[in-house]
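Please look over the sequence and the structure shown here before reading on.

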Amino acid sequence: MVLIEGAGNRGRQELYADAEEDSLQSLHLKPDYAKAYARLGLSRFFLKNYVGIVEAYAKAFEFDPDNAASKSYRAKAMAKLAATQGVV
């Protein structure tokens, strides 16, 4: 899918807001696309949107429950979210 590959390229270029938008557009076209949710989560990770990351990866797991990278980033996001909320 062209949009999700664009999200990956934009992420590598550190254009995280653009990568987030590409991922959202991909999901508009194909709402069950696990890779788009994973890229959305990764974009949000670098934007420090920890609630958004957890939500994106929760959806990614619905469609690809064995994705190790998604599990890793979701765990990091949950730890960051807990830290920002004063919960350790």
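Of the 13 residues of H3, 10 are buried, so this helix is largely enclosed by the rest of the structure. Buried here means under 20% relative accessible area, with exposed meaning over 50% and partly exposed lying in between, using a 1.4 Å probe and protein chains only. The buried residues of H3 include Ala34, Tyr37, Leu40, Arg44 and Phe45. Across the protein chain, buried residues make up 36% of the 88 residues.

This is a predicted model, in which local features need pLDDT of at least 70 and side-chain atom pairs count only at pLDDT 80 or more, while totals for chains, interfaces and linings use all residues. Residues are numbered from 1 along each chain as its sequence is written, and side-chain values use heavy atoms, with hydrogens and water left out.

The protein chain has five helices and zero strands, where helices (H or I, at least four residues) and strands (E, at least two) are DSSP runs numbered from the N terminus. Helix H3 covers residues 34–46 and reaches 19 Å from its first C-alpha to its last, close to the 18 Å expected at 1.5 Å a residue; the expected span is 1.5 Å times one less than the number of residues. H3 is followed by Lys48, whose phi is positive, near 65°.

Two packed helices are described by the angle between their axes and the distance between the axes. Axes are lines fitted to C-alpha atoms, for helices over the stretch in contact, and angles run from 0 to 180 degrees between N-to-C directions.

| Helix pair | Angle | Distance between axes |
|---|---|---|
| H4 and H5 | about 150° | 9 Å |
| H3 and H5 | about 35° | 10 Å |

H4 and H5 are therefore roughly antiparallel to each other, a term for angles over 145 degrees, whereas those under 35 count as roughly parallel, 65 to 115 as roughly perpendicular and the rest as oblique. H4 passes H5 in a left-handed crossing, meaning that the near helix is turned anticlockwise from the far one by less than a right angle, and clockwise would be right-handed. Among the residues that make this contact are Tyr50, Val54 and Phe61 of H4 and Tyr73, Met78 and Leu81 of H5, contact being heavy atoms within 4.5 Å.

The crossing of H3 and H5 is also left-handed. Here Ala38, Leu42 and Phe45 in H3 meet Ser70, Tyr73, Lys76 and Ala77 in H5.
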